[in-house]
Amino acid sequence: MQLQSGIYYMDTVTVNAGETLEGVGRVIITRADGKPPTIYNNGTLRGVWIGGTRETDEATGAPFQCGDGALFEDCAFFGYFGGLNVAGAKGVRVSNCVFANCGTDNFWHPIYINNYNAQAGEGTTFERNIIIGGEGYAIHLWHSPNWNNLYNNFVAANRGMAQQGNDNIWTRN
């Protein structure tokens, strides 16, 4: 599905496996109340800005989840209580995206990767992204995630990056 330039009001953005949601021009997706919408991506999300006014309440914060093989490319995400949660998903790729003012307190991070079941070639690839503002660690690998590749990312105005796990490659960040 392609969306043309404009502002779209959605409570939930869902991209199923094998599907693509692509923005043509400047596409902004937010909720009618101005808060970030829930995101479930199991397909390809490309060229859209998704978010809203910075969420500070865990009870009302929108989830931002992905499934196996999800691709995020050339997107901007802003105002999420947490951020992108790669919880057990394999083969996720995030490239050329911006994460602005995502994450809250110490335990809600803009990028949280805990794909501890990943084998060689099944980890998350996180490349050429910008993570600015927010709280928590910009990128947090926790619960011993394996086989993740993080390179050429710019991180500023947060707690930096933290990792745990095996066979993860971090370079030129």
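Visitor: Is threonine 125 buried or exposed?
Guide: Threonine 125 is buried, because its relative accessible area is 11%, where buried means under 20%, exposed over 50% and partly exposed in between, with a 1.4 Å probe and protein chains only. This is a predicted model, in which local features need pLDDT of at least 70 and side-chain atom pairs count only at pLDDT 80 or more, while totals for chains, interfaces and linings use all residues. Residues are numbered from 1 along each chain as its sequence is written, and side-chain values use heavy atoms, leaving out hydrogens and water.

Visitor: Where does threonine 125 sit, and what does it touch?
Guide: Threonine 125 lies in strand E14, residues 125-127 (strands, at least two residues, are DSSP runs numbered from the N terminus). Not counting residues up to four places away in sequence, threonine 125 touches Val92, Arg93, Val94, Asn149 and Tyr151, a contact being heavy atoms within 4.5 Å.

Visitor: What about asparagine 148, buried or exposed?
Guide: Asparagine 148 is buried, because its relative accessible area is 0%, and this residue belongs to the loop between E16 and strand E17 (149-151). The side chain of asparagine 148 reaches the backbone oxygen of asparagine 146 at 3.3 Å. Leaving aside neighbours within four places in sequence, the contacts of asparagine 148 include Ile113, Leu141 and Asp167.

Visitor: And asparagine 96, which loop is that in?
Guide: Asparagine 96 is in the loop between strand E11 (93-95) and strand E12 (98-100), and it counts as partly exposed because its relative accessible area is 32%. Asparagine 96 and glutamate 127 are 31 residues apart in sequence, yet their C-alpha atoms are 6.7 Å apart in space.

Visitor: Switching topic, which residues touch the most other members of the largest nonpolar core?
Guide: Of the 34 residues in that core, they are Leu45, Ile50, Phe72, Phe77, Leu84 and Phe99; a nonpolar core is a set of buried Ala, Val, Leu, Ile, Met, Phe, Trp, Tyr and Cys residues joined through side-chain atoms within 4.5 Å. Several strands each supply at least two residues of this core, among them strand E2 (12-15) and strand E10 (84-86), and E3 gives the most, with three residues.

Visitor: Why would nonpolar side chains be buried together?
Guide: In soluble globular proteins, nonpolar side chains tend to be buried together.

Visitor: What does leucine 84 contact, then?
Guide: Leaving aside neighbours within four places in sequence, leucine 84 is in contact with Phe64, Cys66, Phe72, Val94, Phe99, Pro110, Ile111 and Tyr112.

Visitor: And isoleucine 130, where is that one?
Guide: Isoleucine 130 is in strand E15, residues 130-132, and counts as partly exposed because its relative accessibility is 36%.

Key
Helix = DSSP H or I, 4+ residues; strand = E, 2+ residues; numbered from the N terminus. Polar contact = N/O pair within 3.5 Å; in protein donor to acceptor, adjacent residues only side chain to side chain.
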